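Please keep the sequence and the 3D view open while reading the points.

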Amino acid sequence: MASARCGNLSLRAHHRLRIPMDIFIQQLINGLTLGSVYALVALGYTMVYGIIGLINFAHGDVVMIGAMAATMIATALVGGDPTVSAFAVLGVGLLVSVPLCMAVGWTAERVAYRPLRRAPRLAALITAIGVSIILQNLAMMVWGRNYLNFPQVLEPRVFELAGARMSSLQMAIVLIAALIMGALLAVVHKTRLGTAMRATAQNREVAGLMGVNINTVISAAFLIGSALAAIAGMMVTTYYGVAQYTMGFMLGLKAFTAAVLGGIGNLVGAMAGGLLLGIIESLGAGYIGDITGGFLGSHYQDVFAFVVLVLVLIFRPSGLLGERVGDRA
């Protein structure tokens, strides 16, 4: 009788110990998913800053345009033929949103940023904010103020992982983001374009004297970053199921925080910063209620990104992996 009672007590204790670990692992999974998106967007910030020293605050709105365009295409395809496959919906959505975002990024660089390349950095920064406002208002005129719902085209499959749950969509987001980040590193370090980018980031004038087409390299950085933004926008709207014309503002600020956290101008740092910020935000959202005794809820999760930004700027302004910016002649 006593042994049975002890067995029940130990079983209850086991459950009390296991449940918090389940929550912890669940928040890690959510954080990796969110961080993968942050990392893709942060790469756009860090590529442009590493080459020309510009903080492109309109980059988050390029993500928004990709999400809105993908949602519009998906809604049209599913509404016209409910039996259309998920791969067709997502594939056509990417075929539309990626070129559209690349065109937006290229146009912004050519029209708004290139004339200010030798101007004080404050002028380019203010221009980037202006471009962001313009893109938001254009999106509002095209798609309206209301939220657009992304149709559920993927069958929700859930897998158990150490007591936590990970959906097939979360697995796809993390895997695709990892493959894209690996491919980008290969392009930067193994191709002629990547060599030209690194040379331009090191010293723009000398690279030009050595035969590098500076305008082409800078445009390529904007095009690649915008393509990554379109993919990130597709991931966000597929994951959350909605898109709206103001969504790029907060997402862009968080991705910029991730780039600063890892080391602005450092590709690996942007990836690491995005993943780390996503994990910090998810863990904070999961535990902030317990830490504050219920005073603060999970809807305060946005606070963590900016707390991290302030702490990094105070204690390690160069980021965790160090800032990589070429010498300016």
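The points below cover the basis of the model, its aromatic pairs and a surface patch.

1. This is a predicted model, in which local features need pLDDT of at least 70 and side-chain atom pairs count only at pLDDT 80 or more, while totals for chains, interfaces and linings use all residues. Residues are numbered from 1 along each chain as its sequence is written, and side-chain values use heavy atoms, with hydrogens and water left out.

2. The structure holds 4 aromatic pairs (rings of Phe, Tyr and Trp, the last by its six-membered ring, with centres within 6.5 Å; planes under 30 degrees apart are stacked, over 60 edge-to-face, the rest tilted). One of them joins F57 and F256 edge-to-face, at 5.4 Å centre to centre and 65 degrees between the planes. Because F57 lies in the loop between α1 (2-52) and α2 (59-80) and F256 in helix α9 (residues 247-262), this pair ties together parts 199 residues apart in sequence (helices are DSSP runs of H or I, at least four residues, numbered from the N terminus).

3. F57 is partly exposed at 24% relative accessibility, whereas F256 is buried at 15% (buried is under 20%, exposed over 50%, partly exposed in between, with a 1.4 Å probe and protein chains only). Ring pairs also link Y45 with F57 and F256 in a cluster.

4. Y239 and Y240 form an edge-to-face pair too, with 5.0 Å between centres and 70 degrees between planes; Y239 is partly exposed at 28%, and Y240 is likewise partly exposed, at 48%.

5. I314, placed in helix α11 (residues 302-315), is exposed, with a relative accessible area of 56%.

Notes: Helices (H or I, at least four residues) and strands (E, at least two) are DSSP runs, numbered from the N terminus.
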